[in-house]
Amino acid sequence: MSATALLWLALGAGAGMELQVDLREAPRRLVHATMSIPARPGPLVLVYPKWIQGVHAPAGPLVDLAGLRVSAGGKPLPWTRDEVDLHAVRVEVPRGATRVEVALDLLSPRNSTPDLTTLRWSSVLVYPRGTRQDAYPVTASLLLPAGWAWGAALEAVAEEKGRVAFAPVSLETLADSPVLVGRHLRRIAIGPPSGPPHRVVLAAETEEGVEMPAAWKERFDRLVAEAQALFGGRHYRRYDFLVALSDGIDHFGLEHHQSSDNHLPEKFLRSPKAATGMGWLPAHEYVHSWNGKYRRPRGLVASDMQEPLRTSGLWIYEGLTHYLGFVLAARTGVYTDEEFRDVVATLAADVVSTKGREWRSLEDTATASAVLQSARSAWAAWRRTWLDYYKEGLLLWLEVDVAIRERSGGKRSLDDFCRAFFGGEGPPEVRPYEVADVAAALESVAPGDWKRFFAERVKAVAREAPLGGLERGGWRLGHAGKPGPWFSAREADAKLLDLRGSLGLLLGAEKGNLVDVVPGWPADRAGLAPGGQLVAVNGRRHGREVLADALEATPARGAIELLVEDAGFFRSFRVEYRGGPRYPALERDPSRPDLLAAIAAPRAAPR
């Protein structure tokens, strides 16, 4: 029995919260919740979760909270919102009351369609201010729409007539355990028969959508094995890959200790292009069970969801995970060697075009993550974005991997660091660390001044992109006349036309809207700015093929004429450029060993 369950029994059933979430109107994008909360007579402050782990920002959907009602003993209690902390409401608990009842509604939950939804418990509850979330028991239950099924890492103790009751857990564990529900849902066992159980829980818009092709079953099997080979141990009792397949939701992932929330295109399991573009996501979120959930930067450890997170360590939390996620995707066969190289080339080119590196350090993109997540795309290349600690972080940790291999004469790699720092077996827990702890662990694997290494690449402002690991790994960043497979798939998923490698321009693929302009590159020198819409190219109405033909002609013409509509006015721009189509590609350096191939090679023994 878990420590939280023992605490629950010791304190008695009246000590914690009882929470029931009604999803029967989820197809209408309405969620209802009721809770019974222990209270004492007198003032009580109830708070709505604000800082959400994994999101790294005060992202609790407060604006979508409605129908808030508080009562005690069946009598309504008036409440007043705190004028400073808008996530808090104040009530006066009457004499003789030992609990208050709260009801609320969540409007238009972000990840919901008429056929499936993902429930984040933190979006449908309030709790007393000052509550320590790892020691506050919650008994939760769900009411499901007729015929719907569910999947989660939580333990169900009863299930009858559309109601699911879960074993009591701490508020922290509940908030870290989303539930995927859907009209069409299937649970699939993966991984080895020994050890903790692993499942993929699929929900889709159709019954056909929850059929797992054999190739993907094998990839998930291999992912579990390759992660074990990488880390040498696990810190969960079970693990569920929650996979929502729909084009009616945002496509993204969110990590949890014993599960991951993966929102992917409807045809992800059957479309090679969709699988190429986002095939890395399940591996990325799985890595977070070790890096982010088990080991976590100290600034990202909080006792309460109201406590602000200090996010400066995200270049480790997310940057290292981004690197390892792509490495595992390659080791499990999601990516071929060519596709893996195209991933590295594409992300390296992104970093090269990020001119904001001239004034803002990598660490500052992490520290300011909560602000940058809400930034507009206009002038992102000069502002820098919260995605930079993912992309540049990948290059940074590639360089660490290559450096370890060099210093050890090929006998050691980043895998050895991962086993030393994240490995071992045990129950779910959080072990905080500082950057100095990471440097010390690297020192034990491959002696060197790792503190200085990180200071120069993370804290300092540097104009040049960190391509040292790529180059010492046997490859150079070059360009090709055609986009690579991962570049093309990413473009398609984002609905963008990425010409940053040639004109320094990022366009919307459908309407030709100017999304971003790279400072100092041809489009910028011509005076173009984000916000307008491309109307014509060399005197012809804009279209993807027209623009492609114009790029092909630039070596002879020396320029492209662009007609842009902005705020109802039309302006013509002459973009001086002779380079033709240019897309990122890696070029082999035969004077050095091919370490990218070594990094992507499988580690686990075949089943």
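Here is a short walk through this structure, from its nonpolar cores to one lysine and then to a set of paired strands. The model is predicted, so local features need pLDDT of at least 70 and side-chain atom pairs count only at pLDDT 80 or more, while totals for chains, interfaces and linings use all residues. Residues are numbered from 1 along each chain as its sequence is written, and side-chain values use heavy atoms, leaving out hydrogens and water.

Let's start inside. The largest nonpolar core has 94 residues; such a core is a set of buried Ala, Val, Leu, Ile, Met, Phe, Trp, Tyr and Cys residues joined through side-chain atoms within 4.5 Å, where buried means under 20% relative accessible area with a 1.4 Å probe, protein chains only. Helix α12 (residues 388-407) gives the largest share of this core, 11 residues; helices are DSSP runs of H or I with at least four residues, strands are E runs of at least two, and both are numbered from the N terminus. F454 is among the residues with the most contacts inside the core. Apart from this core lies another, of 53 residues, including L77 and V100.

Now look at K293, in the loop between α5 (281-287) and β23 (295-297). K293 is buried, with a relative accessible area of 2%. Its side chain joins that of D176 through a polar contact of 3.1 Å (N or O atoms within 3.5 Å, one able to donate a hydrogen and the other to accept it; residues adjacent in sequence count only if both atoms are side-chain atoms).

Finally, follow strand β31 (residues 559-566), which runs antiparallel to β29 (residues 533-537) with four bridges; strands pair if DSSP finds at least two bridges between them. V537 has L562 as its bridge partner in β31. Eight bridges join β31 to the antiparallel β32 (residues 569-576).

Technical notes
Buried < 20%, exposed > 50% of the residue type's maximum accessible area, 1.4 Å probe, protein only.
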